[in-house]
Amino acid sequence: MKVLFLCLGNICRSPLAEGAFRHILAEQNLAATLVDSAGTGGWHVGEPPDPRSVATARRHGIDISAQRARQLHADDFARFDWIVAMDDDNYHTAHARRPGGDRHQHARLVRMADFFPEDAAHDHVPDPYYGGPRGFDEVWALLTSAMPRFIAHVGSAGGLP
Ligand code: 4NP
């Protein structure tokens, strides 16, 4: 199972999603062959996650500080089984960038919000970049609320042991 989490800058939301997903897989003794995150934009390529994301993950015992931002590549549509977009903008951008060739039809493009509980306060993972630290806590809560259903979904699709 190869999963790519996608946001705009790859420094706030998708690094947290990657960290949370890796952590839950490890806790449950599940295996994924490749887990990564990327941004549709390239402004922060090569940078570590935003310090507010690093701090949020750390409060939950997860170290995401070694991650480095990168931009979504055409090849990601062939390499990954799942591309999980944090919001509708990221989803539509990825959809529009999917190359036409057969091998690039491989990745299934979904929204993180597809896996939110019914009573979630949002229908996307809100961009916390310009807000205060509470936005990062909200992102964390949304991501972790979605992970059990996401893992069940990718598992039932035959990818997890
Ligand atoms: P992210 O947040 O997409 O969750 O990583 C953002 C990071 C940077 C910018 C926007 C959103 N930016 O405009 O640089």
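Reply: In this predicted model, helix α2 and helix α5 cross in a right-handed way. Two packed helices are described by the angle between their axes and by the distance between those axes. For α2, which spans residues 51-59, the angle to α5 is about 55 degrees, and the two axes lie 10 Å apart. This angle makes α2 oblique to α5. The residues that make the contact are R52, S53, T56 and R59 on the α2 side, and F136, D137 and W140 on the α5 side. Sorted by class, this contact of α2 with α5 holds three charged residues, along with two polar and two nonpolar ones.

Helix α5, which covers residues 133-156, also packs with helix α1, formed by residues 13-27, at an angle of about 45 degrees and with the axes 10 Å apart. Helices α1 and α5 are therefore oblique to each other, and their crossing is right-handed. From α1, the contact is made by R13, L16, A17, A20, F21, I24 and L25, while α5 brings F136, V139, W140, L143, T144, M147, F150 and I151. The residues in this contact of α1 with α5 divide into 13 nonpolar, one polar and one charged.

An oxygen atom of the ligand lies 2.9 Å from a polar backbone atom of C12, and a polar side-chain atom of D127 is 3.3 Å from an oxygen atom of the ligand.

Notes
Residues numbered from 1 in each chain as written. Predicted model: local features only at pLDDT ≥ 70, side-chain atom pairs only at ≥ 80, totals over all residues. Heavy atoms only, no water. Axes fitted to C-alpha atoms, helices over the stretch in contact; angles between N-to-C directions. Helix = DSSP H or I, 4+ residues; strand = E, 2+ residues; numbered from the N terminus. Parallel < 35°, antiparallel > 145°, perpendicular 65-115°, else oblique. Left-handed = near helix turned anticlockwise from the far one by under 90°. Contact = heavy atoms within 4.5 Å. Nonpolar A, V, L, I, M, F, W, Y, C, P; charged D, E, K, R; others polar. Polar contact = N/O pair within 3.5 Å; in protein donor to acceptor, adjacent residues only side chain to side chain.
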